[in-house]
Amino acid sequence: KKRSKGAVMDKLIIKPSKYTSPTSVVSIRIPKDLLTQLDSISSSAKISRNELILTMLEYSIEHIEIAD
């Protein structure tokens, strides 16, 4: 397990997409270096950037803890 800002984090495991329901289009602005990293990871995992971002968001939502 990896520590991030004082928390113990489980590894994020890339699996085939499980989303089959309707989707919505969302636009975000991200730094170019972060986009490069996302593209590199999605290429290595042989999944789309969109699928990678969905996986990362789902993982984050399941593991979020909001500090007071």
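View 1. By class, 13 nonpolar, seven polar and one charged residues form the lining of the largest pocket, where Ala, Val, Leu, Ile, Met, Phe, Trp, Tyr, Cys and Pro count as nonpolar, Asp, Glu, Lys and Arg as charged, and the others, Gly among them, as polar. A pocket is an open set of points, on a 1 Å grid over the protein atoms alone, where a 1.4 Å probe fits and protein lies on both sides within 12 Å along at least five of seven lines, and lining residues have an atom within 4 Å of a point. Of the 21 lining residues, I28, N50, I53, L54 and L57 lie nearest the centre of the pocket. The elements that give two or more residues to this lining are α1 (32–45) and α2, and α2 supplies the largest share, seven residues. Helices are DSSP runs of H or I with at least four residues, numbered from the N terminus.

**View 2. Helix α1 and the residue just after it.** The end C-alpha atoms of α1 are 20 Å apart, which agrees with the 20 Å that its 14 residues should span at 1.5 Å a residue, the expected span being 1.5 Å times one less than the number of residues. Just after α1, K46 takes a positive phi of about 60°.

**View 3. T55 in helix α2.** T55 lies in α2 (residues 49–63) and is buried, with a relative accessible area of 14%, buried meaning under 20% with a 1.4 Å probe and protein chains only. Not counting residues up to four places away in sequence, T55 touches L12, I13 and I14, a contact being heavy atoms within 4.5 Å.

**Notes.** Residues are numbered from 1 along each chain as its sequence is written, and side-chain values use heavy atoms, with hydrogens and water left out. In this predicted model local features need pLDDT of at least 70 and side-chain atom pairs count only at pLDDT 80 or more, whereas totals for chains, interfaces and linings use all residues.

How values were computed. Buried < 20%, exposed > 50% of the residue type's maximum accessible area, 1.4 Å probe, protein only.
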